[in-house]
Amino acid sequence: MSPTVVPAIPAVHREVRLASQVEGELTARHFTIAEVPVPEPRAGEVLVRNRVMAVTAVMRSQMTGIRLPMPSFVPGKALWGAAVGEVVAAPGGGFTPGELVHHPCGWREFAVVDESRVRSLGPDALPTAAAHLSQGATAWGALRRAAEVRPGDTVFISGAAGGVGSMAGQLARRLGAGRVVGSTGSERKAARLRAELGYDDTVVRGAGPIERQLRRAAPGGIDVLLDTVGGEQLTAALAVARPDARFVLVGALSGQLGGDRGEIAPVELDPGLIITRRVTLRGFGLYAHPDLPQEWTKEFGQGLREGTLVFPHALLKGVEQAPQALRELTQGRHIGAVLVEL
């Protein structure tokens, strides 16, 4: 086998910076693209040539300056987020030039990353580098570990056309769910969820009260909620919950995409229903389960090779398209993950 050829390192590269905090609609003026010298790694760091990066809804909230459980973006500084790339230099020897890796420093063509924040990826584990940016690990962990989906369960997934939801319908079915219902923002998306992504029925925001639609779609009630939205959909799910229902919360899109400043939207829940129906509510975050990515990659790779899983995603090309990718995500223009090829 011939050795991996690592391209020459250029003198400069491009990165996307936050121009100003976001108030109201996210627009092109909130970003700048800067040409800067390619950084040099020190001992304990890795220089990575980024190949593909992901944008996610929480990034809009990170641009507003509100208090979040993760750092906010800083005006004048480069943004960041999950990316996959190839190692081009590693002075510490912990990684090999040409090695495919996952790290949190996207939004730039080259990145210097601390070795502790870099995860090596098997070159043949998944069919494409982009597949390593699926949000399926969150869906898999939430459904399998937190909600413990059981054969015959009725599962409701809010935000079913998003990066998590577009995988979650397939995975609920894979885990034996008897009925899978998802919510989304248009009938066009709903039709694709039902035809391609494992959903038996759908709830469409704006097509009538969510609770009424959910009662029609799940007439016997729901056993599991995987919630990426919050707001009215969480309230409706509680209203139709069966005894001992398991609710797992992984996101809050109703606030991240709906408010003028991307604020987390509060929601009123009936404590009487939670008590009398013995409903459990649990938050779930991938960061608390460092072993999950490896488990998910094995499951995902098998499903992709067998054709039992698909990876819905949109792919824009060029770092200069990253701001547009995030804007399109916040506008709900795509199904699945939104990625940028760098």
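Me: Contact means heavy atoms within 4.5 Å. With that in hand, which residues does His-13 touch, not counting residues up to four places away in sequence?

Reply: Please keep in mind throughout that this is a predicted model. His-13, which has its place in strand 1 (residues 12-18), touches Ala-34, Glu-35, Val-36, Pro-37, Val-38, Pro-39, Arg-108, Glu-109 and Phe-110 once residues up to four places away in sequence are set aside. The side chain of His-13 also reaches the backbone nitrogen of Phe-110, at 3.1 Å.

Me: Is His-13 to be read as buried or exposed?

Reply: Buried means under 20% relative accessible area, and His-13 counts as buried because its relative accessibility is 4%. Thr-297, in helix 9, is also buried, with a relative accessible area of 17%. Leaving aside neighbours within four places in sequence, Thr-297 is in contact with Ala-125, Leu-126 and His-132, while a polar atom of its side chain lies 2.8 Å from the backbone oxygen of Pro-293.

Me: How should I read burial along a whole element, and how many residues of helix 2 are buried?

Reply: In helix 2 (residues 136-146), nine of the eleven residues are buried, so that the helix is mostly covered. Among the buried residues of helix 2 are Trp-140, Leu-143 and Ala-146, and the buried residues of this helix pack against several elements, including strand 8 (154-157), helix 3 (165-174) and helix 9 (292-306).

Me: What does the backbone do just after helix 2?

Reply: Just after helix 2, Glu-148 takes a positive phi of about 50 degrees, although Glu-148 is not a glycine. This residue is found in the loop between helix 2 and strand 8, and it is partly exposed, with a relative accessible area of 46%. Asp-244, another residue other than glycine, has a positive phi near 65 degrees, but its place is in strand 12.

Me: How many salt bridges does the structure hold, and what is the idea behind them?

Reply: Side chains of opposite charge can pair when their charged atoms come close. The structure holds 19 salt bridges, and one of them joins Asp-244 to Arg-278 at 2.9 Å, N to O. Asp-244 lies in strand 12 and Arg-278 in the loop between helix 8 (271-276) and strand 13, so the pair ties together parts that are 34 residues apart in sequence. Asp-244 counts as partly exposed at 38% relative accessibility, and Arg-278 is partly exposed as well, with a relative accessible area of 45%. Elsewhere, salt bridges that share partners join Arg-144, Arg-145, Asp-291 and Glu-295 into one network.

Me: Which residue forms a salt bridge with Glu-299?

Reply: The partner of Glu-299 is Arg-174, and the closest N and O atoms of the pair are 2.7 Å apart. Arg-174 lies in helix 3 and Glu-299 in helix 9, so this pair ties together parts that are 125 residues apart in sequence. A further salt bridge is formed by the side chains of Arg-42 and Glu-45, at 3.5 Å from N to O; Arg-42 counts as exposed at 60% relative accessibility, whereas Glu-45 is buried, with a relative accessible area of 15%.

Me: With which residues is Arg-216 in contact, leaving aside its neighbours within four places in sequence?

Reply: Arg-216, found in helix 5 (residues 210-217), is in contact with Asp-201 and Thr-202 under that condition. A polar contact of 2.8 Å joins the side chains of Arg-216 and Asp-201, while the C-alpha atoms of Arg-216 and Thr-202 are 9.7 Å apart.

Note on methods: Residues numbered from 1 in each chain as written. Predicted model: local features only at pLDDT ≥ 70, side-chain atom pairs only at ≥ 80, totals over all residues. Heavy atoms only, no water. Helix = DSSP H or I, 4+ residues; strand = E, 2+ residues; numbered from the N terminus. Polar contact = N/O pair within 3.5 Å; in protein donor to acceptor, adjacent residues only side chain to side chain. Buried < 20%, exposed > 50% of the residue type's maximum accessible area, 1.4 Å probe, protein only. Salt bridge = Lys/Arg side-chain N within 4 Å of Asp/Glu carboxyl O.
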